[in-house]
Amino acid sequence: MLIFCMDDMVPKNHMLRLIDKAINWNFIYELVEEKYSPDNGRPSMTPVILIKIPFIRYLYGIKSMQQIIKEIEVNVAYCWFLGLDMLDSLPHFSIFRKNYILRFQDTDVFEQIFSHILKECMKHHLVDTSVIFADTTHVKACANSKKK
């Protein structure tokens, strides 16, 4: 039997380790408190994990929620960042869509969370703000308002 410590498996300079050190993720609980019932229904997946998983997905350019769940199953750094053991069960990829629709649709909770994360990363110099790129691929130009 081989015993290992996940903390030892994640390099000290790994991006997720730097981000985790810079951000106190507990702010999420306060923002979503009214969306969760403490004594009704089945225990839910912690809101921090439900935010961290899409965060990893976007950070590493993973195309779908289904794919990120598969990646987490085999990536020690991802599991470490989420606070999971390699044997912990992961949420089904559809839980994110359901969670969004049931709890967060028509709110600005995600915007608040990701704005806070971005500000913290900028404060700790994990984001370079000297150059900003904008993807305007799908923005229709409206140069001549009289032309139809």
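Start by selecting Arg17 and Trp80: Arg17 lies over the face of Trp80, 4.6 Å from the ring centre (a charge counts as over a ring if NZ of Lys or CZ of Arg is within 6 Å of the ring centre and within 35 degrees of the ring normal). This is a predicted model, with local features needing pLDDT of at least 70 and side-chain atom pairs pLDDT 80 or more, while totals for chains, interfaces and linings use all residues. Residues are numbered from 1 along each chain as its sequence is written, and side-chain values use heavy atoms, leaving out hydrogens and water.

Next, pick Lys52, which lies over the face of Phe81 at 4.5 Å from the ring centre.

The structure holds 4 aromatic pairs. In one of them, the rings of Trp25 and Phe81 have centres 5.6 Å apart and planes at 85°, so the pair is edge-to-face. Trp25 is buried, at 6% relative accessible area, and Phe81 is buried too, at 1% (buried is under 20%, exposed over 50%, partly exposed in between, with a 1.4 Å probe and protein chains only).

Now jump to Tyr60 and Tyr78, whose ring centres are 5.5 Å apart with planes at 45°, so this pair is tilted. Tyr60 is partly exposed at 34%, whereas Tyr78 is buried at 7%.

Definitions and conventions
Phe/Tyr/Trp six-rings, centres within 6.5 Å; stacked < 30°, edge-to-face > 60°.
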